[in-house]
Amino acid sequence: MFKKISRKNAIHVMLFYTGGCNGCDIEVANVAWSPRYDLEQYKVILTWNPREADVLAVTGPVLRRTIEPLKKIYEAIPEPKIVAAVGSCGIRCGIFKDFGGELGDSDEVVCRVDEVIPVDAYIPGCPARPEDIIAGIAAGIPLLLER
Amino acid sequence: MIELILATILIPLAALITGFLIPGLERKVQARIQQRIGPPILTPGFWAILKFFYKEKIKPNSPMPRLFHSLPIIGVFVMFFAVLFTTPEWWAVNALGTVVAVVGLLKVIEFLFMAMGSFSRSILSVSMPYADQIKGAVMKGEYRRFFEQQSVLRAFKMITVGSFPLYIAMFVPVILAKSIYFSDIVHFQGFNSSFIFPGGIIDLMYLEKILSLKPILFTFPGLIAGFVYFIGYIMLLNEYPFSIEKAKSDVIEGPSLEYASWARGGYYLMRESILFALSSVFITLFIGLPPTLNLPLLVVHCLLCLIMPIIFSIVSAFSPIFTFKQVYPVSMGFTALGFLAMVVSLVMGVV
Amino acid sequence: MGDNKRREKAEVEVPVGLLHPAMLEPYRARFFVDDELIVDCELTLDPYHKGIERIMEGMPVHKGLIITERICGICSHIHLWNGTRAVERGLKIKVPERADAIRVIMAELERLHSHLIYLAHAMEVLGHETMCMRAFTLREDVMDLLYIISGNRVHYAVPIIGGIRPRCDIDEYRMNELMTRLPKLKLKIADYANRVVNDSMIMSRVKGSGVLTKEEAEKYCTPGPTGRASGWNVDLRKKMKEYKNYDFNAIVLDDGDNKDRVVARALESIEAIKIIEQALESLPSGPISNRSFELKEMKFSNSYIEAPRGEIYDSLSLDETGRIRSYQNRTPTLTALASMEVACIGDQLTDGMLTMASCDPCLACTNRAIVVENGKERIFTEEDVKSLIRRGL
């Protein structure tokens with residue numbers, strides 16, 4: 001019983017950026033540091049340490065240089081954990097892949113986030129709006145309570 | 001005998017319970033200054049610790065993992081002993097109820113931060129998988145240093161320079177009361193053995209007894225010394241503005257980067273117990289009300305212990321991080337102020 | 001502080017990794033320190049390289065220009081405007097005056113929100129959370145205005161080839177909102193800047209640290225407000241034909257330390273509000289787009305523009321069906337970070353991270369791949385860099 005109550009009452013979110021245009025990262029920073037959207041009132045605290053986190057928010061398409069750090073940081077987070085892919089670059093690499101150019105895609109954009117680590121919540125938008133980010137993280141919390 | 005056992009159980013329990021409230025109050029006060037609603041009061045202090053206890057056990061990246069995990073527990077016990085040495089029921093048992101013993105225990109705490117940092121090798125630092133040392137890159141420097149090790153060097157400098165204000169301020173009541181024993185210092189301020197109710201635990205005349213105290217804080221050297229103690233309190237806790245050892249935008253979290261699951265819960269508990277113990281020693285030395293077995297007096301003591309964290313969170317909401325270029329002059333300035341208080345109290349004692 | 005020469009020997013290396021709270025983008029910096037004092041520094045900018053110039057080859061030009069907007073999440077409008085401007089200059093399409101005025105208004109609003117993010121970010125790196133949150137609160141007003149005009153908080157997609165989109169026209173309601181909110185914002189920003197300058201704890205950190213002298217600014221070609229804070233008086237807006245009707249000052253300061261960079265951007269935000277108010281008062285009537293053109297082969301056309309961080313250079317060439325044959329984009333943070341590598345030498349490690357953040361880096365725009373020619377890295381000389389930054393239009 002205490003397990004569920006304590007997991008619901010204190011949640012730590014960590015942000016990792018794997019490329020992308022930085023719009024979604026500024027919106028996540030807005031959610032945490034702007035008094036209008038204040039994330040802390042919902043008992044969610046922003047942290048930068050994977051050892052402390054429960055939720056990993058990933059933005060951006062996975063590039064060649066960031067695929068290894070993404071795997072290592074995912075492994076460093078202790079169970080139970082959920083992953084939220086933020087923005088259309090996090091879901092399907094956005095406009096940087098499969099956009100219909102005559103000469104095909106670039107080799108630097110390697111793959112989507114859910115081909116590297118398992119994703120639980122998808123938050124669409126380009127960039128994802130702050131209200132949607134809060135709703136997306138809140139939607140993933142029941143999964144956290146069950147693991 | 002029975003009072004000794006009851007005191008050993010009840011007083012650390014009161015310390016724990018008050019400690020659960022302190023981080024939440026800090027964040028709430030800072031949030032209201034920043035014009036937003038903050039987290040609920042129990043969330044950062046109590047529910048977070050419980051949540052960490054239910055997480056998966058992880059082996060930290062460290063050369064000596066078991067020692068690394070046991071350091072916060074040592075910190076919690078050291079701080080509980082510091083509170084117990086100021087308790088009247090313990091004065092009859094040993095001769096360690098002195099200011100010097102508490103100073104020694106605080107030194108152990110300062111050293112613990114250095115030990116934690118030396119044993120930690122986080123992935124966010126040198127071990128981040130990136131191709132740095134390739135043909136054509138700059139290769140200077142004999143080795144590559146982790147963030148935690150940089151924190152340890154900074155902690156060392158803070159021990160040498162940043163601990164003067166706290167310890168000088170702690171010795172001003174000693175000069176005024178002419179003894180290093182806690183029993184003499186609180187007697188000087190009006191606390192006598194009738195406050196400890198020998199037959200029972202609840203005393204309904206607590207308000208008159210409290211109002212009959214004559215605290216050192218309300219004398220001239222006591223006021224200056226109290227102010228200097230407050231600044232030394234912030235320095236020992238490594239909070240803004242003196243948080244260069246664990247600044248978020250610099251070394252991310254400093255020595256505690258590799259603590260996960262229950263060990264991180266232990267680290268949060270250690271921080272809460274340091275916060276409580278330092279406030280409690282302040283109330284004992286400067287107001288004259290130690291934590292005793294008398295329940296209403298214990299409750300008043302714990303409530304008074306909540307005032308200092310609130311004031312310090314207001315100060316730290318309005319300050320940036322100081323680098324050593326600024327820490328050295330500020331610390332020396334406050335040490336000089338503490339020295340002035342010592343001289344005035346010596347003169348008052350002679351005259 | 002002191003002279004900014006790189007020294008030969010260092011004691012240790014402190015690498016600052018791909019994930020760090022001081023920068024909201026992945027970058028890798030290696031600081032070579034001698035017990036807290038920085039003696040040299042190396043930055044690598046390649047984590048972010050996506051090959052955008054390569055993706056755009058072969059696309060129809062209307063579709064390709066949408067990608068230019070997503071090069072950066074903060075300065076998105078100015079990239080799209082520059083690309084469109086290059087196409088219009090090459091195909092000789094005449095843009096109506098009302099469309100130009102509205103493009104200028106959006107660019108100045110974007111400059112405002114970018115400078116407010118910079119102030120919030122600088123305060124966060126200093127460790128002052130309260131001032132960071134105050135700046136984000138001020139920024140929300142500007143985001144509301146951008147949302148009202150264009151429908152989205154970031155990536156507005158206002159310019160198209162020949163004018164602006166019909167949904168972004170400034171009508172009664174939008175004019176009202178702009179005219180009521182802007183004067184209040186001007187007072188609040190001036191108040192915020194005053195509070196920062198009069199706070200002795202913040203000033204003791206930023207004054208005198210991260211000094212970049214005027215000779216070094218000219219040598220490394222530091223663009224935008226960073227260069228103007230060191231005394232190098234170049235502002236591209238004074239030479240653009242779209243800005244010639246408006247009266248504003250170019251902010252040039254003397255010392256070149258972190259304080260001047262912060263103050264220069266705060267003053268520039270106030271100038272930006274002045275430009276918007278002048279543009280709104282003298283908004284010309286008429287059509288908002290000119291769609292009577294046809295896409296034909298265009299050999300080579302380029303355009304320079306002043307973004308919030310400095311100047312941007314775009315060049316395009318089209319083939320006979322209107323598809324992009326090649327596209328080149330060069331952003332200001334490249335040289336700004338190069339000058340910061342030199343400016344942070346001689347300071348303590350914490351001040352070095354502040355200096356890196358104080359040039360307002362937008363790493364998403366910047367990434368280059370390193371050119372390896374015949375097995376050796378090619379180093380760009382001073383003449384190469386100067387020839388890339390021409391002062392003509």
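This is a predicted model: local features need pLDDT of at least 70, side-chain atom pairs count only at pLDDT 80 or more; totals for chains, interfaces and linings use all residues.

Chain C meets chain B through 34 of its own residues and 35 of chain B's, and chain C is itself split into domain 1 and domain 2.

**Strands in chain C**

- β1 (12–16) of chain C runs antiparallel to β2(C), and five bridges hold that pairing.
- Within this pair, C:Pro15 has C:Arg30 of β2(C) as its bridge partner.
- β2 (28–34) of chain C also pairs with β3(C), again in the antiparallel sense, over seven bridges.
- C:Asp34 bridges to C:Leu37 in β3(C).
- The β2(C)–β3(C) unit is a hairpin with two residues between the strands, and C:Asp35 in the turn takes a positive phi of about 55 degrees.
- How enclosed is β2(C)? Six of its seven residues are buried, so the rest of the structure largely encloses this strand. Here, buried means that 20 or more other C-beta atoms lie within 10 Å of a residue's own C-beta.

**Where chain C touches chain B**

- On the chain C side, the elements giving two or more residues are β1, β2, β3 (37–44), α4 (97–126), α5 (129–150), α7 (200–206) and α12 (349–358).
- By class, that side of chain C has 15 nonpolar, seven polar and twelve charged residues.
- Which residue of β1(C) is the bridge partner of B:Arg144? That's C:Glu13.

**Two domains in chain C**

- Domain 1 covers 12–47 + 335–388, while domain 2 covers 51–210 + 256–333.
- Taken over C-alpha atoms, the centres of these two domains of chain C are 25 Å apart.
- Contact between them involves 22 residues of domain 1 and 21 residues of domain 2.
- On the domain 1 side, α11 (333–343), α12 and α13 (363–366) of chain C each supply at least two residues.
- α12(C) gives the largest share of that side, with six residues, and α12(C) is also listed among the elements of chain C that touch chain B.

Key:
Residues are numbered from 1 along each chain as its sequence is written. Chains are lettered from A and ligands numbered from 1 in the order in which they are written. Two residues are in contact if their C-beta atoms, placed from the backbone, lie within 7 Å. Helices (H or I, at least four residues) and strands (E, at least two) are DSSP runs, numbered from the N terminus. Ala, Val, Leu, Ile, Met, Phe, Trp, Tyr, Cys and Pro count as nonpolar, Asp, Glu, Lys and Arg as charged, and the others, Gly among them, as polar. Two strands pair if DSSP finds at least two bridges between them. Domain bounds come from an automatic or database domain assignment. A residue is buried if 20 or more other C-beta atoms lie within 10 Å of its own, exposed if 12 or fewer, and partly exposed in between; C-beta atoms are placed from the backbone.
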